[in-house]
Amino acid sequence: MIELRNVAVTFGQGSGQLHAVSDASLTIEKGEIVGIVGYSGAGKSTLVRTINLLTRPTSGQVLVNGEDLTAMSERELRDRRRKIGMIFQHFNLMNSRTVRDNIALALGALDKNQVDQRVDELLALVGISGKKLAYPSELSGGQKQRVAIARALANNPEILLCDEATSALDPETTKSILKLLADLNRKLNLTLVVITHEMQVVKELCTRVFVMDSGLIVEEGSVVEIFSNPKNPLTEKFVRTATNMDEDVSKVLENQAAFRLGGNEIYILTFVGDRFREPFIATLQRDHGITTNILSGNVEFLNKTPFGNLLVAFEGDRLKINEAISIMEADGVRVQRIRLKED
């Protein structure tokens, strides 16, 4: 288990001080896949680097498996760090060394035969067994990241910190690396802490998420909770980007005449879980006499839970529309109103 208690990280002094992390507390259970999301400068990388004390907190405590790392000597800390692996956006491989030798750097005082055996095991685990004698310049971006993952797993860590590990990769390669990380979590009961500014990564990999802004954790929850009912405006912006709702809304607002919209509002309807299986759109016409124009929509699964968004326009009596919206909200459908542009 990982526990951060009131962690703060401050750089500089006096008027030049930068509060990179402010009073951050979180708990991550063993075997979880947790995302930490925020834009550049939000403090997410700094926060995660406190977990292995690559960045030492200005104040607060960092506990791993009940042990306070901030109270340890450097010798004790070096020993504990062996159980915390880390991978980065730009792989951090040595170009002058082969794949075998890059991984061997993490293996310490093993003899040659032991190193070769362990490297073979690790390369098989990450799916690039034939690349042992290759140099980084001969590898694709995805293969380089697999080497970096193999190196991070060399000492059988319990925790893997992933700092923007897919940001330098194309979409297809990103999917393959996310699948590999999910497989490693399942096979090794590995705790994953994933730093990203891409909500799509969180959606595909994580079970829980923390959202950071200006050094603060502004929201946390399960991925399903965060996507279905974001509380913070920043979180909502992340979610709408990941579900393409922002793009769809923009298209409708820019082409109002083409959609022949009546009234002065459109609506985003968000539904999750059992509510997804009920034909609530059909009941609007039957029970309230409201016509629903579906402008766009998407349905997907978050941790096997159905989740969907519909962008709609309603036509009918205004009082009936408001009544229907109140009933939907009471029944678990999240309704966001968006005013149309005036001519």
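Tutor: Let us begin with burial: a residue is buried under 20% relative accessible area, exposed over 50%, and partly exposed in between, with a 1.4 Å probe and protein chains only. This is a predicted model, in which local features need pLDDT of at least 70, side-chain atom pairs count only at pLDDT 80 or more, and totals for chains, interfaces and linings use all residues. Residues are numbered from 1 along each chain as its sequence is written, and side-chain values use heavy atoms, with hydrogens and water left out.

Student: Is Arg334 buried or exposed?

Tutor: Arg334 has a relative accessible area of 19% and is therefore buried.

Student: What does the side chain of Arg334 meet in a salt bridge?

Tutor: A salt bridge is a side-chain nitrogen of Lys or Arg within 4 Å of a carboxyl oxygen of Asp or Glu. Here the side chain of Arg334 pairs with that of Glu236 at 3.1 Å, N to O. Because Arg334 lies in strand β14 (residues 334–339) and Glu236 in helix α9 (residues 233–242), the pair ties together parts that are 98 residues apart in sequence. Helices (H or I, at least four residues) and strands (E, at least two) are DSSP runs, numbered from the N terminus.

Student: How many salt bridges does this rule give?

Tutor: The count comes to 24. One of them joins Arg318 and Glu265 at 3.7 Å, N to O, where Arg318 is partly exposed at 34% relative accessibility, whereas Glu265 is buried at 11%. Salt bridges that share partners also join Arg100, Asp101, Lys112, Asp116, Asp120 and Lys132 into one network.

Student: Which residues touch the most other members of the largest nonpolar core?

Tutor: A nonpolar core is a set of buried Ala, Val, Leu, Ile, Met, Phe, Trp, Tyr and Cys residues joined through side-chain atoms within 4.5 Å. In the largest one, of 53 residues, they are Ile87, Ile149, Leu181 and Met199. A second, separate core of 28 residues includes Ile2, Ala24, Met72 and Met86.

Student: Which residues lie nearest the centre of the largest pocket?

Tutor: A pocket is an open set of points on a 1 Å grid over the protein atoms alone, where a 1.4 Å probe fits, with protein on both sides within 12 Å along at least five of seven lines; lining residues have an atom within 4 Å of a point. The largest pocket is lined by 16 residues, with Arg81, Arg82, Ile84, Ala106 and Asn155 nearest its centre. Strand β6 (84–88) gives the most to this lining, with four residues.
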